[in-house]
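Here is a short note for a colleague who has not seen this structure before. Please read the points with the structure open.

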Amino acid sequence: MPDAAEPILSVRNLKKYFPIRRGVLARVAAHVKAVDDISFDINKGETFGLVGESGCGKTTAGRAVLRLIEPDMGTIRFDGIDLLSLSSQELRRRRRDMQIIFQDPYASLNPRMTIRTIVGEPFAIHGIARGSERDDRVTNLLKTVGLDPSVQSRYPHEFSGGQRQRIGIARALALKPKLVVADEPVSALDVSIQAQIINLLGDLQQEFGLTYLFISHAIPVIEHISTRIGVMYLGKLVEVGTSAQICLAPKHPYTQALLSAVPIPDPGARKQRVVLKGDVPTPINPPSGCRFHTRCPVAIDRCKVEEPPLREIEDGRDAACHLVE
Amino acid sequence: MSNVLEVKNLKTYFYTEEGVVKAVDDVSFSVQKGKTLGLVGESGCGKSVTAMSISRLISPPGKIAGGEILLDGRNLIALSNEEIRQVRGAQISMIFQEPMTALNPVLTVGFQIAEAVLAHERVSKREAWSRAVEAMRAVAIPDAEKRAKDYPHQLSGGMRQRIMIAMALVCHPALVIADEPTTALDVTIQAQILELLDSLRQQYHLSLILISHDLGVIAEVAETVAVMYAGKIVEIGPAMDVFHNPKHPYTQGLLQSVPRLGSSVRKKDRLDVIEGMVPNLLHLPDGCSFAPRCYKKTVECTLSPIPLEPVSERQEVRCIHA
């Protein structure tokens with residue numbers, strides 16, 4: 001639950017446009033509006049879930065928050081500091097407090113490094129804990145994520161997907177970060193392994209008081225792990241609220257359709273669903289007005305011309321829709 | 001009810017340098033006319049190899065080492081390469097996960113669908129083309145006539161998967177095998193494709209084998225469900241029974257470990273998990289392959305192979321404690 005304290009992360013009017021260059025002069029012909037003016041807060045110790053379909057901008061948003069991608073506009077306040085004003089050296093020092101876990105545990109570990117080197121690398125970069133002290137810390141980290149410390153001299157290819165994801169988590173935790181961006185951390189894993197990693201992330205949050213920005217397209221996973229959820233569509237946040245508000249009583253027509261599309265593992269529960277027509281439009285030239293109006297089952301004329309702002313519709317819930325009371 | 005397909009004691013082994021991998025080991029099931037069988041399991045359980053075996057698409061070092069695959073009573077394993085080619089695409093067709101790699105990028109989609117008609121039927125090119133357009137209409141592609149002249153890259157992922165379905169259906173096969181047909185798609189597009197597959201099945205009395213790792217997808221469309229683990233079916237029965245009254249500890253574990261919508265009311269902090277991981281198929285434990293991860297394990301489980309046995313009239317389970 002949001003408390004009165006200042007949020008640990010506060011994002012305002014974040015924008016990231018990627019230029020598309022064409023022709024021999026490589027002139028900028030258009031922009032992909034990957035993240036287009038989004039704002040949200042994350043409170044200390046909570047998990048904020050960012051959910052949406054491919055191309056909605058959730059990954060770009062996660063990376064822009066860490067300045068792994070430089071945002072074009074907006075402000076990001078993290079732990080009282082304006083991140084966008086930092087020089088690259090200052091930013092590097094700050095990164096100790098903000099880490100990321102990637103989706104693909106195969107691509108995110110260097111195949112030529114041993115597990116000891118991979119998990120110890122954050123210490124090397126920041127020049128802390130040398131020699132046997134570093135080894136001790138690596139040993140402890142591996143134990144924390146449920147790996148046998150005797151695996152330290154092995155290479156990533158010797159591990160399964162779930163084990164590699166544990167290694168990635170150990171690396172992210174090495175410097176005791178305050179904020180961890182987890183970008184689809186379980187999407188590449190088998191069902192039974194997914195549950196193990198989700199539980200591990202939950203345990204670690206409690207143990208170390210971590211704050212998560214959890215990015216996923218899998219709604220049941222997001223619901224299970226998140227305190228609050230933001231739903232994105234074509235670069236915009238369309239609805240933000242507590243996990244229960246979003247998943248039990250969605251108000252935005254897109255959130256409603258998204259939830260009703262989730263297949264339920266119960267053959268008795270086949271339900272009436274809102275099947276959206278057509279595909280997600282391109283973020284290069286998004287529809288005018290409300291970006292969802294081309295697929296929205298309840299759109300009216302006003303939706304085609306006037307963009308609905310994200311506004312508070314009840315305590316703790318914001319939605320961007322003209323029709324939501 | 002007549003069975004379109006009967007698979008009996010199918011064994012597909014891969015003869016690798018490190019040893020024999022029994023990817024599919026003694027698998028039996030049948031598919032009734034107009035019905036859907038769901039094959040569910042995690043990576044490496046043998047569900048895709050089962051599908052490839054039915055279409056006889058296994059290549060060395062893999063080999064169908066035993067069993068029978070009866071399509072309308074005709075054993076596909078005994079057919080020559082030429083004969084199976086006549087069956088493939090005409091009586092059995094497949095839909096794959098990744099429509100971008102399954103389609104040829106330098107040919108129009110209409111041409112690729114028409115090609116399937118020309119391969120199996122004696123018709124003119126013009127006729128084949130119009131059949132292609134008709135098939136595209138059947139899978140609800142708007143503006144089919146115009147879209148037929150598009151190349152795969154001009155279409156979205158959902159549209160490409162519709163093209164794959166049109167191609168699979170254009171020769172009116174008796175059996176369609178869909179291997180993770182919606183895994184690469186977004187959830188709203190997945191809902192469209194599942195709905196389409198189900199309505200086509202009803203319309204054309206198709207028999208469908210749907211392969212997925214996603215229990216939700218299986219529950220949506222399958223009447224019968226087979227759960228695979230390490231090359232074997234561990235539980236098979238009507239979807240209602242398998243999902244509501246799972247008897248095998250693996251099925252139970254799988255169903256309990258998936259996060260479900262509505263979890264925010266139940267306030268459960270931890271998911272139930274199956275400890276450990278899938279065994280290496282080269283070094284399977286003696287007895288039950290699931291025993292090392294099983295909460296019900298006893299000494300008897302590790303002594304000899306466990307048979308698949310009926311627990312009720314319709315449900316069979318490979319577990320001595322079921």
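This is a predicted model: local features need pLDDT of at least 70, side-chain atom pairs count only at pLDDT 80 or more; totals for chains, interfaces and linings use all residues.

1. Helix α9 of chain A, residues 253-260, is mostly covered, with six of its eight residues buried.

2. Which residues of α9(A) are buried? They are P253(A), Y254(A), T255(A), A257(A), L258(A) and L259(A). Within chain A, the buried residues of the helix pack against α7 (219-225), β9 (228-233), β10 (236-242) and α8 (243-248). Chain B also takes part in this packing, through its own α8 (187-204).

3. On the contact between the two chains: 41 residues of chain B are in contact with 39 residues of chain A. On the chain B side, at least two residues each come from α8, α9 (215-221), α10 (239-244), α11 (249-257) and α12 (263-266). The most is given by α8(B), with seven residues. By type, the residues of chain B that touch chain A comprise 19 nonpolar, 14 polar and eight charged.

4. A separate point concerns S156(B), which sits in the loop between α6 (144-147) and α7 (157-169) of chain B. Why does S156(B) count as partly exposed? Because S156(B) has 16 C-beta neighbours inside 10 Å, and a residue is buried at 20 or more and exposed at 12 or fewer.

5. For a sense of distance within chain B, take S156(B) and A65(B), which are 91 residues apart along the chain. Their C-alpha atoms are separated by 40 Å.

Methods. Residues are numbered from 1 along each chain as its sequence is written. Chains are lettered from A and ligands numbered from 1 in the order in which they are written. Helices (H or I, at least four residues) and strands (E, at least two) are DSSP runs, numbered from the N terminus. Two residues are in contact if their C-beta atoms, placed from the backbone, lie within 7 Å. Ala, Val, Leu, Ile, Met, Phe, Trp, Tyr, Cys and Pro count as nonpolar, Asp, Glu, Lys and Arg as charged, and the others, Gly among them, as polar.
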